[in-house]
Amino acid sequence: MNLSPSSNGGPVASDPAAWTMSSRPAATSAPPIELRNLNRWFGTTHAVDDVTFTVGVGEVFGYIGPNGAGKTTSMRILATLDEPSSGDAFVDGFSVVEDPDRVRSRLGFMPDYYGTYQNVNVWEYLDFFARAYGLRGTVRKRALDFVMDFTGLDDLARKPIDGLSKGMKQRLCLGRTMIHDPSVMVLDEPAAGLDPRARIELREMITRLAELGKAVLISSHILTELAEVCDRVGIIELGRLVAVGTVEEISSRVEQRIAVQVRLLGEVGPLVAWLQQQPEIEEVSAAEAHVRFVQSSERERSAEHLADTLAGMIGAGFRVTEFSTKSKSLEDVFLHVTQGRVQ
Ligand SMILES: Nc1ncnc2c1ncn2[C@@H]1O[C@H](COP(=O)(O)OP(=O)(O)OP(=O)(O)O)[C@@H](O)[C@H]1O
């Protein structure tokens, strides 16, 4: 295949509308992404266990789970790189089992590991993939111009790709993934190994992809990494989806668990013993002058319950000097929802 840039191939200011393949017939009214009772076994390992969810037009869906949870396996099935043991996955209504070619033309998959090539520059690399996707003539030129501009790689068009920083390589890979204007983008751990600035830039690009109307499925084992950019998240563990919703919805389930720290005059031992007798109080621990515990209660009742606990302590004769609470962080939410089990 010819890897040379075309003579008119320099990056120019581009018009997204001129590149976006709005002329492509709308597939169906089906959601861009649907996983339906998806299962994948590897021997005795149930890597994906009856997973069902959809992602809508312009929606960013975060797929969160610890290592080995089944994220990559389900993404690979969606990208037609593997087949389900049972169930199905759909892109724009087309089945990965029945219609893999149509799925491929509508989906861009960015794996967590991708090869690079020696003696190829940024422009040549993208041009190669544009040709591989069958883009010809002015359509290919528009696609390249748009993607170079979108990824901010235009100034690096002639730079050999093996000399790019990790962040720039990630942009290039994103550019490669979107070169054929897919309606669905599947990004496997794209933020892994990026420095903070590159992560922010990646988040901005993902937001812009959603603004272009793409459905984005993005995985991470770190919830906080995706919290800001995702419209919804699905938390997967041992192949099973254990929670789906907005970050706020999922957080609210565990915000009922409030961490409390108490300081008091005198010995902490009696307070520890008292707390251990109280209902809905767990994880009581003591260190020098303070005592920590977790109080769980129904969300609507948690403030009242806290007030009752404090009043109870004072009523029992403890001389409390400090009573502070801490809402659970997103990491706590993730750790609470998942149990950290692996197979
Ligand atoms: N080709 C394979 N053969 C056998 N077992 C596999 C294969 N691919 C994945 N698995 C197993 O399936 C399970 C899910 O793996 P998967 O890579 O999908 O998880 P993941 O959530 O993407 O994890 P990570 O964050 O580490 O990439 C793991 O137990 C893994 O060992």
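**Burial, cores and ligand shell in a predicted model**

With 25 C-beta neighbours inside 10 Å, Leu 223 counts as buried; a residue is buried if 20 or more other C-beta atoms, placed from the backbone, lie within 10 Å of its own, exposed if 12 or fewer, and partly exposed in between. The structure is a predicted model, in which local features need pLDDT of at least 70 and side-chain atom pairs count only at pLDDT 80 or more, while totals for chains, interfaces and linings use all residues. Residues are numbered from 1 along each chain as its sequence is written. Leu 223 belongs to helix α8 (residues 223–227); helices (H or I, at least four residues) and strands (E, at least two) are DSSP runs, numbered from the N terminus. From Leu 223 to Gly 108 the C-alpha to C-alpha distance is 23 Å, with a separation of 115 residues in sequence.

Gly 108 stands opposite Met 185 in β7. Strands β6 and β7 pair in the parallel sense over four bridges, where pairing requires that DSSP finds at least two bridges between two strands. β7 also pairs with strand β8 (residues 215–220), again in the parallel sense and over four bridges. Within β8, Val 216 is the bridge partner of Met 185. In a regular strand the side chains alternate between the two faces of the sheet. Both faces of β7 are covered, with Val 184 and Val 186 buried on one side and Met 185 and Leu 187 buried on the other.

In soluble globular proteins, nonpolar side chains tend to be buried together. A nonpolar core is here a set of buried Ala, Val, Leu, Ile, Met, Phe, Trp, Tyr and Cys residues joined through C-beta atoms within 7 Å. The largest such core has 66 residues, and those with the most contacts inside it are Leu 78, Leu 126, Val 147, Val 186, Val 216 and Leu 217. Helix α5 gives the most to this core, with six residues. Apart from it lies another core of seven residues, among them Val 262, Leu 271, Met 313 and Phe 318. Leaving out residues up to four places away in sequence, Val 147 touches Leu 126, Gly 175, Met 178 and Ile 179; contact means that the C-beta atoms of two residues, placed from the backbone, lie within 7 Å.

Buried residues of α6 include Gly 175 and Met 178. The elements covering the buried residues of α6 include β6 (107–110), α4 (122–132), α5 (137–151), β7 (184–187) and α7 (196–211). The 13 residues of α6 (residues 166–178) should span 18 Å at 1.5 Å a residue, and the end C-alpha atoms are 19 Å apart, which agrees; the expected span is 1.5 Å times one less than the number of residues.

Around the ligand are 13 residues, of which Phe 42, Ala 47, Asn 67, Thr 72 and Thr 73 come nearest; a residue is near a molecule if its C-beta atom, placed from the backbone, lies within 6 Å of it. Two or more residues of this shell come from each of β2 (45–55) and α2 (71–78). The largest share, three residues, is that of α2.

Most residues other than glycine have a negative phi. Thr 80, in the loop between α2 and β4 (86–91), has a positive phi near 65 degrees. Thr 80 counts as buried because 20 C-beta neighbours lie inside 10 Å. Asn 37, in strand β1 (residues 33–42), likewise has a positive phi, near 45 degrees. Asn 37 has 13 C-beta neighbours inside 10 Å and therefore counts as partly exposed.
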